[in-house]
Structures are given as C-alpha cells and as structure tokens.
Amino acid sequence: MTPETALETMNLLRFATVGSVDDGKSTIIGRLLVDTRQLFDDQVVAVEEASRNRGVGDLDLSFITDGLRAEREQGITIDVAYRYAATPRRKFVIADCPGHVQYTANMATGASNADLALVVVDATAGLKEQTRRHLCIAALLGVRQIIVCANKMDLTGWDEAAYDRIVKEVDQLAATLGIESATVIPVSALLGDNVVLPSNAAAYYSGPTVLEALEAAPAGSWSSSHGGNEEAATRLPVQWILRHPGGGRSYAGMVDGASLAVGEEVTVLPSGLTSRVKAIDSPHGEVEEAPIGLSVSVSLEDDLDVSRGDLIVGSGDLPTVTSELTATLCWFADTTLVPGARYRLKHTTRSTPALVTAIDAELDVNELALRPIDKLEINDIGLVSIRTASPLAVDDYGHNRITGSFVLIDERTNITVAAGMIGPPLLLEQH
Amino acid sequence: MTTTIPTQAQALDSLDLLESQAIFIFREVAAECERPVLLFSGGKDSAVLLHLAVKAFAPAKLPFPVMHVDTGQNFPEVLEFRDALIDQLGERLIVASVDESIARGRVLDPGPLGSRNRLQTTTLLDAINEHRFDAAFGGARRDEDKARAKERVLSFRDAFGQWDPRAQRPELWQLYQGKVNTGEHLRCFPLSDWTELDIWRYIERERVELPSIYFAHPREVVERNGLLMGVGEFIHPEPGEEIREEMVRYRTVGDATGTGAVRSHATTYPEIIAEVSSARISERGATRGDDRFSDSAMEDRKREGYF
C-alpha cells in the first residue's frame, strides 16, 4: 500500500470507465491497480489462480474487477465494480462500468457521480458505436472531462496511423459532445505500456501516462465544478426532521449548490415561507458555515411547517416550483414507455406520483439529433413531458445535478425504470 | 462547541466526505423504510457504523434498534464491549442467536467446534422475518471482496433473502430508493466507499471505542491452515499443533472459530495505521477461514442472504 503521507491534503477524483465490450476497460483498471501496487499479495495470487483455472493465462487483469462468477465465465463486465486507489498525489474512486448495451443502466449508475470518464478504444478497431453511445450518456450525465486510452496498440505494432485515426475520431466526437479535454494516450493494458509506466514503444507520443493524466485532471464534486454559476444559492433537500429532546426541531440534509451560513435568509419550497438560519449542526458540532457536501441539521429562527421533501434554499437564485416537467429520460426497463404511463417519481428527498404525458422526441446518439417519436424502448434516450401529483422545486440539470435529477419507479415492483434530467439534453444545449 | 470549517467544498477532506455521505444514507433509509435495523457484530466496521448512526440522528435517539447475530462462539471481549457500548448509548439491542436456531431445528448443529459462519444467514433471515424489518444496515465495504465491490449501497433482497447480482436496481446520483414489498428487504451499506485505512483513520480521529482484541496483546495461539488461531473455549489444539504465546492482534472480528489473529506489536492507533498501510495481505485473506472455501465464497454466501 502507498504510504499515507499527505492524505489530509490529497484530493479525490471519481472516474468511470467508458467504452465498448472487449476493448479492455477492466484490463486497464487491473493494470492500473497492479502497477500502482494497490492490490494485496493474496488478491494477486487469487486472480492468478482463477486465471489459470479458467485457462486464460497466468494473470487475467480483468478478473481484478470482474468479480462475479458469471462475469468470469463470459469474460465480460455485467455490473459496475467500485475500486479504490491512492497514490501519493491523489485518491481515486474508480467505477469500472460494463460496455454491453444490455447493461446501460449499470453504466449510467457508475457514471452518474463521475468527475471524469476514462474512455477505452481498441486501436485495432477504432471508435465503435457502443463507445459513442456510452460516451454520449456520460456527457448527458454531465461528465465534461475525458482521458482516452488507445488500447491494444501492441497489436498494431504501435502504428502511428492507427493512433492518429483515433485522435481524429475522438476530437470530432468530443467537439460534438461539448467535452473539454481529450488527451489520447497510446497504451497496451496487457503489457503495461503508458498505463503507469512510461513506454518508448510509441516514439511519436510524448504526453503523460494514464496515471499521470488521472493525477493531473481537475477534481472536485460535480456540483461545485460544474454549473460554474457565481450566483448559485444553497440547495438543502430536507431528509429528516430531528426532534430535540429539550424541545425544538432541526432539519437534516446535505448542503448543495453553495455553502450555507448562520444568519442567512432562506426560503422553504414549495411553500415559499421564509426565515433565517439560527444554527447549523454538523458531524463536528455547531458550525457558522457549512460547505457543499456536508451533512448538517439546520434550525430556523421561525417556527415553520417544514417536512421531508421540502427544499431549503439560500439567498440568490430560486428554483422553479412546478408540476410540469420537461426532461431528458434514459429508459432502462424492458417494457415500452408510452404516453399515459404512471410511475412514482423520486426527486431529491420527495416522492410523488407522476404521469408521463408525452414523449416528444428520441435522441439519436449517432447523429446527436432529436427525432420525433411517441414511445421509448429499453436503453433509449428521449425528451419527455411529465406531470407530477405534487409540485417540485427544480433546477435544470445543467445548473444543479441534485435538484435537476430524478428517477421513475415502477409502483408495483419498486424497480427504478428510468433516470431523468430536467431540461433539454445537456449536450444539445450547447449547440 | 463551535469549530470553524473552511467554506470551500474542497476543504472537506476525504474522511469528512465519507462521513457526510454515510450520514446521508442513514437518514434516507430511515425516512424511506418502515422498520430498519442496524446489524452490529462488535467489529471495527460496525463500531464505526453505529458511531455514524448516532451522529446522523443526534440529539435524538436512533430511530431503529441494533441487532447482533450471535453465533454463540464469540470472543468474550467482544460481548463485553457490545453490552457496555449499548448500555452507554441507551439504545435497544436485539440478539438473534444461532444457538436458538439450532435448538429450534432450523439449522444442523455443526458440533461444538464447527464453523457457524454460514448458519448465521438462517438466523439473520429468520430474525428479519420475525421482526418484519424492511432494511438492515451493515458495515460491509466494497474494498473487502470482489463480490462486495459489485454491490449497490441499497441492495435489494427478495422474499427469500436472496441477492441477485445480475438484476440490481439502478442507483444514480444521490437518489437512494428504499421501497420494498412485504417480505422483501434491503441491505444498506453506508460504508460502501470506505477502505480499511479510512476506517482506521476515522477511528483514530473520532476516538471510536473498540474491543481490546484489536490492539496487540500476548495470546496463546496455534497455527492452523496458515491462520493464527487463539486457543480458548472454541479452539483447542489438534494433534501435532503446538501452543505458543505470541504478540498478536485481530484485524477483523468474527466468529471465534473462523477468525485468525495477526502477529503485531501495534498497541496504539498510529501504530495500527502504520501497520495497515504497509500490509501486503488483505484483511479477510489474513484472518478469515470462511473466505477461503472457493473463488466465489463471498458471492455464494451473499446470494443466500449473508451479510
């Protein structure tokens, strides 16, 4: 394990792998973990034994994250594996996501909290449709930074033309998706070139290794790095009412949007009642100001009617209170979504019955264009209109991830059937 | 007491973020589920879990009871610790006993020295049914095992208590959804993103109390299947095994028949953190007989309804 010298000042980067099946996502993560010595000796031995038992060589790096029996049988990733790594420079939370179209919901689960996507492309095959599709979903979810691995470069003889072709394809796609940085690194996950250890195999490449690029990428929570709105005000969805033994109440939740300070004027939505923050209790005791990401409980100067599902908003821009939503929807269920369908909608800490009133368009992920359609099939992305039974205090997803997102739940089975982002698709907004 | 916390989000260190996230999960589940319960083994992870639960609902009491699945083969230090801690907190403790499951004929008695690890699943599921719990908080971490690395924070169990790793609910953003139908339940893992080292750094920072066996002490041990087993009520030397006194500590705490000690001189938090930082063997690999059965021992047990 890495010595824990400077953990206190170390920052945290959350990233998700994106790419088509068999392009080597899990192998790259395995290589990254092995070469930075994140694995314990007995874990390496266990992977070696499993590899030999299944006849896939001495050490199948993909087995490090493909931990389920069915995954090892088929040599694919079915669900997200979360791994944790620390180098002297930074801490990482890694979501190794599946590449199959069948497991898009799992991929979206892994990418929904990512700061960055590590895109893996098979250099012998170029950018596949599935890679475009998943990168498009990652972009819709708000991922704006990518690092691209041109993998299996050893199989091309480290061919510069193969590398250049991927750089070109990636540049084009990144531009359409509104993605900011697109470093393309020629690597061999199998042999280890340019993953952690620099390699001379690609003489034409002088950029960073994958690890160096991951260490240099800007980190930070999505909500604080994205949006970039100076006027952003606090959003505190109320989770729970704490009744104090000596009398009095406080409202528990996690701070988002902007920090919250004692004395600040706040509005409670959807009621619209206003008050001031009297005190903020945190896991460390009372604080004067609570930053984004801190779980707190807040007491107010006035005795208002506040319950779970309400949103406490700081001074500044207010969210919209509405029962009519337009949203970008990722449909995960194997049933067809048609207008008139009823679900339970969970938005922040509030759940309400909801009716899909219209399906306005489908997003064609290849053309990145909206096409009129009246139904959505599994893994389709569409623009829909929804009416909710009780009003919600919402922001556009591009403005705030927490107040801009929701899920639809089948009321019979309680299964999450869709993920929704309020407003038009993020990546089309920029065109 | 007022402390000053810097106002930038980046100023929350990684432990602060993990702590706040765990508290968020506790509050979501308590609000969404009707009858949650917190599973407490007396080990370090469940000590941290309980510490965080108390923080999530302070100054009020916990809105759910604490439950110990008692294998009947405990380290005495762990039971003492459990009772003292619950007493001090003034919370409700339910003990679900494997001995009772054996007495009622629910499971076969593996004999006085046999492993009861797998039997706990029946005791746990019976207790969940009996008390009609719809959510059970556990201290499992994704860095512990490759099957756990795949599991959602709120993990669905069907009416038979089974986990289906191929059909997990999507879990996006901070939207943890906790509704289940009658007879089904959730396992909830607020420590999902914590590593072993995070746990120790947090224990040190918060001065979380632990059973004494986590700190180095002299103990009579025998070496068995590569594990150092403490000689006591449940471990007797077998022919050919030699009893030695060694300085050891426990890196995990489970059933006394299945949990091994590690050689150690670490008696303080910083010494333990230094030891954990430089360890080359994983905590389960170093200390648990139960995970060594097969390549997918944990996945198989989890499918049946294990912790």
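Why is A:Arg344 partly exposed? The residue has 19 other C-beta atoms within 10 Å, which is why A:Arg344 counts as partly exposed, given that a residue is buried with 20 or more other C-beta atoms within 10 Å of its own, exposed with 12 or fewer, and partly exposed in between, the C-beta atoms being placed from the backbone.

This is a predicted model, in which local features need pLDDT of at least 70 and side-chain atom pairs count only at pLDDT 80 or more, whereas totals for chains, interfaces and linings use all residues. Residues are numbered from 1 along each chain as its sequence is written, and chains are lettered from A, and ligands numbered from 1, in the order in which they are written.

A:Arg344 belongs to strand S18 (residues 342-347) of chain A; helices (H or I, at least four residues) and strands (E, at least two) are DSSP runs numbered from the N terminus. Leaving aside neighbours within four places in sequence, A:Arg344 is in contact with A:Ser351, A:Pro353, A:Ala354, A:Ile409 and A:Glu411, where contact requires that the C-beta atoms of two residues, placed from the backbone, lie within 7 Å. The C-alpha atoms of A:Arg344 and A:Thr388 are separated by 9.0 Å, although these residues are 44 residues apart along the chain.

Chain A as a whole is divided into domain 1 (7-220), domain 2 (235-313) and domain 3 (320-425), with bounds that come from an automatic or database domain assignment. Taken over C-alpha atoms, the centres of domain 1 and domain 3 of chain A are separated by 30 Å, and 12 residues of domain 1 are in contact with 12 residues of domain 3. On the domain 1 side of this contact, helix H4 (104-111) and helix H5 (129-140) of chain A each supply at least two residues, and H5(A) gives the most, with six residues. The residues on that side divide into six nonpolar, three polar and three charged; here Ala, Val, Leu, Ile, Met, Phe, Trp, Tyr, Cys and Pro count as nonpolar, Asp, Glu, Lys and Arg as charged, and the others, Gly among them, as polar.

The largest nonpolar core has 216 residues, of which A:Ala111, A:Ala117, A:Cys149, A:Ala150 and B:Leu38 touch the most other members; such a core is a set of buried Ala, Val, Leu, Ile, Met, Phe, Trp, Tyr and Cys residues joined through C-beta atoms within 7 Å. Not counting residues up to four places away in sequence, A:Ala117 touches A:Phe15, A:Ala16, A:Val18, A:Ala111, A:Leu135, A:Ala138, A:Val143 and A:Ile146.

Between the chains, 67 residues of chain A are in contact with 59 residues of chain B, and the chain A side of this interface has 32 nonpolar, 20 polar and 15 charged residues.

Chain B is divided into domain 1 (14-198 + 296-304) and domain 2 (208-292), whose centres, taken over C-alpha atoms, are separated by 23 Å. Their contact takes 25 residues from domain 1 and 21 residues from domain 2 of chain B, and the domain 1 side has 10 nonpolar, nine polar and six charged residues.

Chain B also has an open sheet of six strands, in the order S3-S2-S1-S4-S6-S5, with mixed pairing, two strands being paired if DSSP finds at least two bridges between them. Strand S3 (93-97) and strand S5 (154-157) of chain B are the edge strands, each pairing on one side only. Strand S2 (residues 66-70) of chain B runs parallel to S3(B) and is joined to that strand by five bridges; B:His68 has B:Val95 in S3(B) as its bridge partner.
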